[in-house]
Amino acid sequence: MSRILQPIREAAIDGRLQNIIYRQTQLEKLQKALITNIASVESAIRNDSGNNEAEVAVECILTLQSVKDYYNLLDADDALHKEYAIARGEDAPEQVEPIGIVYIVPSVYTPFYSVIVALSAAIAAGNCVVVELENTLLEVPILIRKLLKSALDPNIIEFVTSRATDADLGPNHIRVFQDDISATELPRSSAISPAPFISPSQSRVVAVIDRTANLAKAAEALVTARLSFGGKSPYAPDLVLVNEYVRKDFLAAVMGELIRFTANQQVIRKIVSEQTAEEKKIEDGRKSGEIEVATSTGNSSVFEVKSRTSDLLCSKINSPNLVIHTVKSLDDAITFAGSGDLLASYIFAAPTSAKYLSCSIRSHVSFVNQVPLELLVGPAALRSSPVDRSIRFPVTLFSVPSGKYSNTSESSQIVHKCLGRSETSVLAKSLRDVLTKLEPKHKRSTGGQIGFFEQSIFTGLGLFGTLTLTSVGTIGYFGVRYALKLRR
């Protein structure tokens, strides 16, 4: 394998993609190849996944849009201006350099999008790419290999069928695993091996439905997210926590959306004969009475979990089944959902309640009164960077800082005067400056804002005060009447 990857190592060392215009031309060729062969791409995706026409089209559209987004990040004039900053006597603190080689192990879910998007990000950052694709009879991997090898410079892209070693890739590389992997699957670490990027695809996604939520909107969003793409997206909701006061209404809304969504769906999914671990948990739960079927149509079901000891509540769902559990309050939902770091949380509630929930539930990203459906395609976003709904892999992931400075800072000048010339006046002035009292830039409010808990307290006090005044008034009224009767 070392000999196969030698051209890639040499291209990385030579800085083949350092020139931003060359990066642009490579992405232009990539886009042209994808557009020219879009019919073949759609056919391959449909045959491998069994997704319907709309789902196939969405994957292709998002893939092409991502290539365009990465291309638009490349500004040749701005790059040239930054490159010659030092020559103009200016600082370039944000200057970056490519890592060298990006090694991609794509997700088994939506592999076309997963490969092209990560590849585009790596090229936009100036890296060569190695993609690990096992030998398979599936059409998408074969088509990807054919298209990319013919469209791109053969010295910047290579495919391997087994795991490459650090020696094969050279010292300047980074690995991207788009599915969760165990420690035993990771390559043996070495002194030249940086920590790999691993998409947390098995992290759970939880939705919370508060009593203040728009139930129809929440049901539509969650049913669509759970059932689309066979329910296999990392960002499909694994558990829906619904307030007990709106449980019946929400279940009714979900049933209506389930019927509407599946009515015109003509999807041929591949039948798996072996029972999955998820199906085994559902079957055992139904037998024990912990799980009830709220509604079912086709190959999709809505399960209501009655017991909090059910394993299904802590499971990652990989099928078009919606799992629902009832909670008593916001705090109950927070306690139940906050047992671990979530991949995402979908919160359906009024703004004040949504703020409280989003701050209290620990997740990589929270979405209020929405499920961004574009996230359903592709692997989970890496935890090492903020979630961008348009760009799954920021180019900064595949770059290393390489700041360049021409001018001395104010602190450097002060320290030079203190150490180099031993100017006591400068030292005394600097000491006075750092000893000044810390004060906020803006004057603080004396009362503070009324938050969620304060509102609860004031509501309670108001109810108590109303009851007290009513009682006192009633007692006073009848007391006066009784006194007047005695005088007569």
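Predicted model: local features only at pLDDT ≥ 70, side-chain atom pairs only at ≥ 80, totals over all residues.
Gln26 lies in helix α2, which covers residues 20-36. Is Gln26 buried or exposed? Its relative accessible area is 1%. Buried means under 20%, so Gln26 counts as buried. Which residues does Gln26 touch, once neighbours within four places in sequence are set aside? They are Leu17, Ile123, Leu152, Asp153 and Ile156.

Now step back to the whole chain. The protein chain has 488 residues, and 42% of them count as buried. Its secondary structure comes to 16 helices and 14 strands. Take the contacts in the chain with a separation of 6 or more. Of these, 71% join residues 24 or more positions apart.

Ala164 gives another buried position. It sits in the loop between β4 (157-160) and α8 (166-169). The relative accessible area of Ala164 is 1%, so this residue is buried. Tyr103 is 61 residues away from Ala164 in sequence. In space, the two are 8.7 Å apart, C-alpha to C-alpha.

Aromatic rings come next. The structure holds 3 aromatic pairs. One of them joins Tyr109 and Phe229. Where do the two residues lie? Tyr109 is in the loop between β2 (101-105) and α6 (111-124). Phe229 is in the loop between α9 (215-227) and β8 (239-243). The pair therefore ties together parts that are 120 residues apart in sequence. Tyr109 is buried, and Phe229 is buried too.

Phe197 and Phe398 also form an aromatic pair. It is edge-to-face, with 6.4 Å from centre to centre and 65° between the planes. This pair links distant parts of the chain, 201 residues apart. Phe197 belongs to strand β6 (residues 197-198). Phe398 lies in the loop between β13 (366-368) and β14 (399-401). Both Phe197 and Phe398 are buried.

Helix packing is the next topic. Start with α3 (residues 38-49) and α4 (residues 53-72). They pack at an angle of about 130°, and their axes are 10 Å apart. That angle makes α3 oblique to α4. The crossing of α3 past α4 is right-handed. Which residues make the contact? From α3 come Ile38, Val41, Glu42, Ile45 and Arg46. From α4 come Glu53, Val56, Glu59, Cys60 and Leu64. By class, the contact of α3 with α4 has 6 nonpolar and 4 charged residues, and no polar ones.

How does α14 pass α15, in a left-handed or a right-handed crossing? The crossing is left-handed. On the α14 side, the contact is made by Ile414, Lys417 and Cys418. On the α15 side, it is made by Val426, Leu427 and Ser430. The residues of this contact divide into 4 nonpolar, 1 polar and 1 charged.

Notes. Residues numbered from 1 in each chain as written. Heavy atoms only, no water. Axes fitted to C-alpha atoms, helices over the stretch in contact; angles between N-to-C directions. Helix = DSSP H or I, 4+ residues; strand = E, 2+ residues; numbered from the N terminus. Parallel < 35°, antiparallel > 145°, perpendicular 65-115°, else oblique. Left-handed = near helix turned anticlockwise from the far one by under 90°. Contact = heavy atoms within 4.5 Å. Nonpolar A, V, L, I, M, F, W, Y, C, P; charged D, E, K, R; others polar. Phe/Tyr/Trp six-rings, centres within 6.5 Å; stacked < 30°, edge-to-face > 60°. Buried < 20%, exposed > 50% of the residue type's maximum accessible area, 1.4 Å probe, protein only.
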